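User: I would like to learn how to read a protein model step by step. Could we take one feature at a time, with the general idea before the case itself?

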Amino acid sequence: MNVHEIFEDLAGRMVTATMLHSQLCSYFTFLSLEGLAARHKYQYFEESNGYLKLEEYYTKHYNKILLDAIPENPRIIPLDMKSISFYNISDKHELIRRYIMDGMNKWIDWEDQSLVFYSDMYKELININDISAADFLLKYVKDTNKELMDAQFLDKQLRSTNYDLPTLYDSQDKDFKKYSKKLKELFS
Ligand SMILES: [Fe+2]
């Protein structure tokens, strides 16, 4: 791969990542989980910044524009969720639990694959001896690794209570405040 192809692929993945977080924000808002929704809203803006910085870096260093990045719709929200209302289903407790576990699994799978992808692109940059671009990309590898570890840690905590809904809903106010504060700091 040449440096242009590497950055096009990176840009495409990063746009898809922002779509994933915006969809997970809607997903958890629908489930009335304000804390998890705020977490994904924060990731949406934080990773949008990362994408813009990537484009800026490429344009400044190589005097070219990334035009052919191809994002994919991650389609996080399942089709059956579009047609349900929580006011008219009988066993909503189990359904909500299943949706939360599915949403967490999709988030973890995505970050896991992203870590492999960014690490592979890092190695490609090293292979073509573009060490400064590799050094620039290393921050994305580390950020993705941190986000993956956080998501896996949260999943482990939730699994320890067998995804107990009252425990999870009790934690939402604290998480909502935490990520709303981080979001404000992002723009300050
Ligand atoms: Fe992410």
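User: Among contacts in the chain between residues at least 6 apart in sequence, what percentage join residues at least 24 apart?

Analyst: Two residues are in contact if their C-beta atoms, placed from the backbone, lie within 7 Å. Among such contacts between residues at least 6 apart in sequence, 77% join residues at least 24 apart. Please keep in mind that this is a predicted model, in which local features need pLDDT of at least 70 and side-chain atom pairs count only at pLDDT 80 or more, while totals for chains, interfaces and linings use all residues. Residues are numbered from 1 along each chain as its sequence is written.

User: How many helices and strands are there in the chain?

Analyst: Helices (H or I, at least four residues) and strands (E, at least two) are DSSP runs, numbered from the N terminus. The chain has 7 helices and 0 strands, and its C-alpha trace spans about 60 × 30 × 30 Å along the principal axes.

User: Is Arg75 buried or exposed?

Analyst: A residue is buried if 20 or more other C-beta atoms lie within 10 Å of its own, exposed if 12 or fewer, and partly exposed in between, with C-beta atoms placed from the backbone. Arg75, in the loop between helix H2 (34-62) and helix H3 (79-82), has 11 other C-beta atoms within 10 Å and is therefore exposed. Of the 188 residues in the chain, 27% are buried.

User: Which residues touch the most other members of the largest nonpolar core?

Analyst: In soluble globular proteins, nonpolar side chains tend to be buried together. A nonpolar core is a set of buried Ala, Val, Leu, Ile, Met, Phe, Trp, Tyr and Cys residues joined through C-beta atoms within 7 Å. The largest one here has 35 residues, of which Leu10, Leu24 and Phe28 touch the most other members. Its largest share, 11 residues, comes from H1. Leaving aside residues up to four places away in sequence, Leu10 touches Leu54 and Met121.

User: How are H4 and H5 placed, roughly parallel or roughly antiparallel to each other?

Analyst: Two packed helices are described by the angle between their axes and the distance between the axes. Axes are lines fitted to C-alpha atoms, for helices over the stretch in contact, and angles run from 0 to 180 degrees between N-to-C directions. Angles under 35 degrees count as roughly parallel, over 145 as roughly antiparallel, 65 to 115 as roughly perpendicular and the rest as oblique. The axes of H4 and H5 come within 9 Å and cross at roughly 160°, so the two helices are roughly antiparallel to each other.
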